[in-house]
Structure formats: structure tokens, C-alpha cells
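The following exercises are to be worked through with the sequence and the 3D structure at hand. Each task is followed by a stepwise solution.

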Amino acid sequence: MKATESMICLVDGEHYLPVTRAAVETLDSMEHIDVRALIFIGGTEKLRTSSPEEYTEMMGRPVYFGDDPHRIPYDLIARLIRKYGADTVMDLSDEPVLDYSKRFRIASVVLEEGAVYRGPDFEFQPLTEYDILKKPSLKILGTGKRIGKTAVSAYAARLIHEREYNPCVVAMGRGGPEEPEIVRGDRIEITPEFLMEQSDRGVHAASDHWEDALMSRILTVGCRRCGGGMVGDVFITNMKRGAETANSLDADFIILEGSGAAIPPVKSDRHIVLVGANQPIINIKNFFGPFRIRLADLVILTMCEEPMADDKKVEEIVEFIESVNPEAEVVTTVFRPKPLGDISGKNVLFATTAPDSVKDILVEYLESEYRCRVVGTTPHLSNRPLLQQDIERYIDDADVMLTELKAAAVDVATKDALEAGLEVIYCDNIPIARDGSQDELDDAIIRVVESAIADFNLRRTP
């Protein structure tokens, strides 16, 4: 922060003017704060004038009014942050002018401009973004956990690799390594036995970068993080060092992969945002859902099928995305399992993080597409005790443990299966475009990649 904090204050007509003036003067009297302007955001109970000139004279500094006194002037707030180079927007308003939803919307506007949004008992800081990458990049982030972010990241990485852009993935996870860890998925054979060796050494061998390396067969860098803020920042992470590591590796394009709703704290050229159609609609439309959506160059809407989301809900989400970010492409998708080995003619125990409500869809797909017989399923990869119970229930009937590489996939599912003499085959999750052909999804991803490269080269041009 600069030595002097340039501040804009939000004020309303529900406070008596001398009281508002006293609050502004209190702020301005602080040595490190310079109150540059006020924005009137509504309320008439104690408002004696709606003239900007009269209000400015009474307050002793510029006061700005929106076009409609009954609507919050969100666009005006953004413009004045830029006009005054404001570091902070201080909210001196209150109910009934602002409710929680309006305050979150103001927060999104302020944070998008790179300023702090502050009130008497809250403060929202802009995202941390270290500008350190020396290669073209894109960031993949999500509006929540368990919406298929790693599956889409692995799919995108594989596609980008196939198109010969030579990518690497830098991923952060809650079980990531103490020091950034390089996994040469492009060179080593990642077998169940190899992952067990890693697990026995204390490595979380189902961490996201291992999944990316296994599914995409590319170079990955694994990082850790702890904590996730409302906007998307994390408390601690070594991802900055991971990104610096990626700068020195033999890759030409960098994919930064988020974790849950946490956003990688490294600046990228472009963004792909995942939204889960299974999420509560309030979490997408409110709070910081719109903030994340507005970051997107491409929105991939996942899990667009019943029982997770009916057509009406999917349509409502797409319309909302297009209303808050009309520049972004939107592709609706569903996930389908893809075994990395041959399971035809075998009795399969299938372990997944997908909800139990879609079990029948996935089982039918596996049996019809891969000609296997699914003798048991468990949706409890992220719940070790329940996973153990399900494995014990079905393992005697199975020839193969088919498991996603997530959560307890190695230290429980793989371990128990190998000890029982079962074959272990890992399973990818493929995003399938729901409307149109698969080329629609692939082309949308590649357009983001090519735009990122163009942006990077433009910044590098003298």
C-alpha cells in the first residue's frame, strides 16, 4: 500500500449530513488517509438536497450522484476508483440502503478494480496476483469444490499437449508438498505400485498434480495451500515458488490450476472458470460467484444433467453467466468415466467422488461402453471410513478396482485392492459437451490458449 491511502467513501441519505461529515472528517484526519471523493448511493430520509454542487459544498469535497437515486450506482463506483486512483472504498452507508446482496455486489465491483472494500466491521482485499510468469499462461479456477476442476484441467492439459503447445500444469492442493514437486508425467510410468511407494514415503499421491500427470501424461508441478478466503485468496501457499519453477522448465505454456474455490495467486494471461450446475443457485448468483464468473474468458458449466440439475436450472445458470459476462464463451458439459486400462469382461468395483445420485448413470455408461460388469460402487473416496466399509462389502466379487485418483484413492482403495490381489486401474473423468459436438469444447479451450499466447506476445513486444 502507498504511504498515503487514497480513499473514496460511500454515503447515504439515511444519515444526518453533519453525522456523515463528522465520519468523513475523522477518516481524513488520519495521517495515512486522503479522502478524495464521496459517492451518494441512495436513501432520502435525512437528505435535504440532491444537488451534487450543494452537497459538495457542505461536505468540502466532491460528491457524485448516480442517474437514479433508487439504484446503487455500481458503474459510477468503478469509474471513480479509476478516476481517483483509489486504494480503498470505505462504506459509511447502512441498511436499508444496502443489504447483504448489494454489499457483495459492491465488493465485486471494487475488487475487480484492484481496490479494498472496507466497512466498520469488514474488509475485502483484492486477489493476490504475483506477476512472475515468463511464459504464456491460463488459469483454471472454480466456483466451488467437487465440480470437476481437476478433471477439466487434465482434459485441457492433454488437449493443449496434443496440439503441440508443450504445456505444464502448476497445481495447488490441500495435501500438496512442502516444496514444489516436479512430476515428469511425460517420462515416468505412474503405476499403482509406484503411487503406493510414494504414499508409503508420506507423499499425498492422489494430490491434484499426480492426477494431472497420470491422466494427461505431461509435466506437472505440485504445490500446497491452506485456507480459502471468500474471494479466493489462500492463507499460505508455495505456488509462487511453483510458478517460478515452471519458468525454468522445458515447457512453453503454463496452466495454473486452482483448488476448491481458491484461486492461484499468480497472474495469468487468460482464465477458464468452472461452474457446477449442481451448486445451489444462490452461490452462483450471489456472494462472490459473479466475481469469479467475470474473470472468465471461457466458462465450462459442469454436471448439466439430472438429478444434479434439470434443464430449467441449467438454462437459468447460462442466462445469468451471459448477463454478467457477455464476452465469455459458455459450454455446458457432463462427465463420463474413462478407464486408463482394459476392463472389458471383468468384474469391477468402481470408486468415485461423484454423488451417489448419479451412480446408475455412470454404471450404465461403464458397462455399455467398456463391456464390463460393475459389481459394486462407492462414492466415498473422500470419506475413508465409509470407503473402507464399501470396499469390504464388494471386494470379494471384484477382479478390478477402478478408481479415480482422488482423496483416499491410493492409501485406501489402491492399498486394499493390491493386498486382496485385485488389478488396479485408474479412471479419468472426461467432460463431454452437452450441446453440440465435442469439437465445440475443444475449440473453445484452444481459443483461450491462443488468446493467452497473443496477449503474452503483445506484452513482450517493445
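**Exercise 1. Determine how far the sulfur of Cys-223 is from the closest cysteine sulfur, and how many disulfides are counted.**

Step 1. The sulfur of Cys-223 lies 10 Å from that of Cys-168, its closest cysteine sulfur, which is too far for a bond.
Step 2. A disulfide is a pair of cysteine sulfur atoms within 2.5 Å.
Step 3. For Cys-372, the closest cysteine sulfur belongs to Cys-427, 9.9 Å away, again too far for a bond.
Step 4. The count is zero disulfides.
Step 5. Cys-223 is buried at 1% relative accessibility, and Cys-372 is buried at 10%; buried means under 20% relative accessible area, exposed over 50%, and partly exposed in between, for a 1.4 Å probe and protein chains only.

The model is predicted: local features need pLDDT of at least 70, side-chain atom pairs count only at pLDDT 80 or more, and totals for chains, interfaces and linings use all residues. Residues are numbered from 1 along each chain as its sequence is written, and side-chain values use heavy atoms, without hydrogens and water.

**Exercise 2. Describe how helix 5 and helix 15 cross.**

Step 1. Helices (H or I, at least four residues) and strands (E, at least two) are DSSP runs numbered from the N terminus; the two helices span residues 149-162 and residues 438-460 respectively.
Step 2. Their axes, lines fitted to C-alpha atoms over the stretch in contact, come within 10 Å and cross at roughly 75°.
Step 3. Helix 5 and helix 15 are therefore roughly perpendicular to each other, a term for angles of 65 to 115 degrees on a scale from 0 to 180 degrees between N-to-C directions.
Step 4. Contact (heavy atoms within 4.5 Å) involves Tyr-155, Ala-156, Leu-159 and Ile-160 of helix 5, and residues of helix 15 including Leu-441 and Ile-445.

**Exercise 3. Identify which residues touch the most other members of the largest nonpolar core.**

Step 1. A nonpolar core is a set of buried Ala, Val, Leu, Ile, Met, Phe, Trp, Tyr and Cys residues joined through side-chain atoms within 4.5 Å.
Step 2. In the largest, with 51 residues, Ile-106, Tyr-117, Phe-124 and Val-275 touch the most other members.
Step 3. Helix 3 (residues 74-84) supplies the largest share of this core, seven residues.
Step 4. Leaving aside residues up to four places away in sequence, Ile-106 touches Leu-10, Ile-72, Tyr-74, Ile-77, Leu-98 and Tyr-117.
Step 5. A second, separate core of 46 residues includes Ala-156, Val-400, Leu-441 and Ile-445.

Technical notes. Angles under 35 degrees count as roughly parallel, over 145 as roughly antiparallel, 65 to 115 as roughly perpendicular and the rest as oblique.
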